[in-house]
Each structure stands twice: as structure tokens, then as C-alpha cells.
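Hi,

Here is the structure I promised to pass on to you. Have a look at it first, and then read on for what turned up.

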Amino acid sequence: MSDNTTVNHAGLETDPDTKRIPYRHPQPKESFPEIVIPNAIPTDERLWVPQQENVWFRPLCLSASRGYWMNLLRVRKSGVLSRHRHPQPVHGWVLKGSWHYLEHDWTAEEGSYVYEAPGETHTLVVEPHLTEMITLFQANGVMIYVDPDGAVQGYEDVFTKIDLCRKHYTEIGLGEGYIDQFIR
Ligand code: FE
């Protein structure tokens, strides 16, 4: 700190001469590299990984070490993301379009933030008169696909997501290593 440095109530330096000096030390060696994705909403259609009819996702961060994933979900008109249960929370931010759950009476419009509480079971639909929706989701742990009575039909976790991405990106010629840049 220089002589001009004062520290404000939050412990932040206020000296204009020093506050733009970068941290001078290496990052912790156990810390993983950051991920920066230009065009996170891809212009290259092939980057959307098909998931179900009229449903695709675009991986952003696949956290194998923490068991969660960040992805863009894209659902085109009349698409349905099958009924599923979340034992852990999900956070969503609607970037484009709108959608709703069959189990709730609200609609997630463009610009909305959505919190899905642990224990939720729901079915995401995009109505036929809408073109498409794109939503950023953080999903933790597992999505358990169920029938209308809650009987388990299947599941997805970060590892099945990675497998699906690797298969798709290999098939379209980007190579099986393409997905690795999104895995931490
Ligand atoms: Fe969900």
C-alpha cells in the first residue's frame, strides 16, 4: 500500500494509485483454470446437443468435481422436457422466449430468474405458438425422470451429460476431446 492508501469500511483499498495493480502471486495450484466462452449462445448450430425431441442443451461448465452442470437449455415449440425430480436446487435465468411447468400456474418470461427448490418434480413445456426458449440453468446433483406417480424412469447427472456431449461432438466431427474444455 502507498502512503495515500486508506481502507474503507469494507476493507477495500481506496488509493487510486494502487487499486488497479493486479494481484502479484500465482493462483492456488489446486484451483482449476477459468472458463470463458465467447458466443455462449452459439451461432454454430452443431454445438447444441440434442436431448429429446425439440430439446437441446449447450454445455458451459460441467463440474465433475462438484457434481453440477451449467448449461443453456433450448426448447422449440411444442417441446417438452420430461417430468423430473430434483433432490437439489436448480437456478435458471430465461434468456429468450418463455416456458412454464405443468405443475405451476406461473410462466417464466424472458428475463426471469427461477429458483427450483429441492424436492420439486415438474414438467417443462413450451407452448406451440411460441418459437423457442433459451434458459441458463445450473443443475446440481441429479435429475430423476419419473412417471406421473413419481416412479423412476431414468436419470441424468454431470457424467451422463458429459457422455452425451462427447458422443454428439464426436459424431459431428469436433472430436471426442472437444468437450474437455467445459469440464472441471
Ligand atoms: Fe427442472
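A residue is called buried here if its relative accessible area is under 20%. By that cut-off, both His84 and Glu116 are buried. Please keep in mind that this is a predicted model.

Those two residues belong to the metal site. The iron ion is coordinated by His84 (NE2), His86 (NE2), Glu116 (OE) and His122 (NE2), at 2.1 to 2.8 Å. Along the chain, these donors follow the spacing H-x1-H-x29-E-x5-H. His84 sits in strand 4 (residues 80–85) and Glu116 in strand 8 (residues 113–116), so the pair ties together parts that are 32 residues apart in sequence.

What is the arrangement of the four donor atoms around the iron ion? The arrangement is irregular, because the angles they subtend run from 74 to 161 degrees. For a tetrahedral site, all angles would have to lie between 85 and 135 degrees.

Six strands form an open sheet in the order 1-2-3-10-5-8, with antiparallel pairing. Strand 1 (49–52) and strand 8 are the edge strands, each pairing on one side only. From one strand to the next, the twist averages 30 degrees. Within this sheet, strand 3 (residues 68–76) and strand 10 (residues 132–140) pair in the antiparallel sense over nine bridges. Asn71 stands opposite Phe137 in strand 10.

Finally, the helix: helix 1 (residues 158–171) lies across strand 1, strand 2 (55–63) and strand 3. Helix 1 runs at about 115 degrees to strand 2.

Technical notes
Residues are numbered from 1 along each chain as its sequence is written. This is a predicted model: local features need pLDDT of at least 70, side-chain atom pairs count only at pLDDT 80 or more; totals for chains, interfaces and linings use all residues. Side-chain values use heavy atoms; hydrogens and water are left out. Donors are N, O and S atoms within 2.8 Å of the metal (3.2 Å for Na, K and Ca); water is not among the atoms, so sites may look incomplete. Four donors count as tetrahedral if all angles lie between 85 and 135 degrees; four count as square planar and six as octahedral if opposite donors are over 155 degrees apart and all others between 65 and 115; anything else is irregular. Helices (H or I, at least four residues) and strands (E, at least two) are DSSP runs, numbered from the N terminus. Buried means under 20% relative accessible area, exposed over 50%, partly exposed in between (1.4 Å probe, protein chains only). Two strands pair if DSSP finds at least two bridges between them. Axes are lines fitted to C-alpha atoms, for helices over the stretch in contact, and angles run from 0 to 180 degrees between N-to-C directions. Contact means heavy atoms within 4.5 Å.
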